Amino acid sequence: MADAVMAVALLLVAATATTAVAVRDPVRQALVLSVLGVVLAVLFTVLQAPDVGLSQLAVGSALTPLLLLLAVHKVRRRPRRKGRQE
């Protein structure tokens, strides 16, 4: 039973990571990255590493996508200046 759960978790990680790479929109990439963090946390818990799973849940599914979304928002919001060459 544990092997089946581990195999399903590994397949979910592979599918989610592939989706994160295939998506072109940065906002959607951040959302898929958040889902990948949750799936990795589940995988770490299945592999009997709950401390690593909790860390992955906090950092990989919450903080990193939030920082990426904030960066994308700031870059898209910045107006272009005309007449100034850099």
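Tutor: The expected span of a helix is 1.5 Å times one less than its number of residues. We apply that to a predicted model.

Student: How far apart are the end C-alpha atoms of α2?

Tutor: Helix α2 covers residues 26-46. Its 21 residues, at 1.5 Å a residue, should span 30 Å. The model agrees, with the end C-alpha atoms of α2 lying apart by 30 Å.

Student: How are α2 and α3 oriented to each other, roughly parallel or roughly antiparallel?

Tutor: Helix α3 runs over residues 50-77. The axes of α2 and α3 are 7 Å apart, and the packing angle is about 175°. Angles over 145 degrees count as roughly antiparallel. The two helices are therefore roughly antiparallel.

Student: How many residues of the contact of α2 with α3 are nonpolar?

Tutor: The contact also holds 7 polar residues and 1 charged residue. Its nonpolar residues number 15.

Student: Is Ser-61 buried or exposed?

Tutor: Ser-61 is in helix α3. Beyond four places in sequence, Ser-61 touches Ser-34, Gly-37, Val-38 and Gln-56. Buried means under 20% relative accessible area. Ser-61 has 14% relative accessibility, so Ser-61 counts as buried.

Student: Which helices do the buried residues of α2 pack against?

Tutor: The buried residues of α2 include Ala-30, Ser-34, Gly-37 and Ala-41. Val-39 is also one of them. Their packing partners are α1 and α3.

Student: Which element gives the most to the largest nonpolar core?

Tutor: That core has 6 residues: Ala-9, Val-13, Leu-36, Val-39, Leu-40 and Leu-43. Two elements give two or more residues to this core, α1 (2-22) and α2. With 4 residues, the top contributor is α2.

Student: Is Gln-48 buried or exposed?

Tutor: Exposed means over 50% relative accessible area. Gln-48 has 71% relative accessibility, so Gln-48 counts as exposed.

Terms used:
Residues numbered from 1 in each chain as written. Predicted model: local features only at pLDDT ≥ 70, side-chain atom pairs only at ≥ 80, totals over all residues. Heavy atoms only, no water. Axes fitted to C-alpha atoms, helices over the stretch in contact; angles between N-to-C directions. Parallel < 35°, antiparallel > 145°, perpendicular 65-115°, else oblique. Nonpolar A, V, L, I, M, F, W, Y, C, P; charged D, E, K, R; others polar. Buried < 20%, exposed > 50% of the residue type's maximum accessible area, 1.4 Å probe, protein only. Contact = heavy atoms within 4.5 Å. Core = buried A, V, L, I, M, F, W, Y, C linked by side-chain atoms within 4.5 Å.
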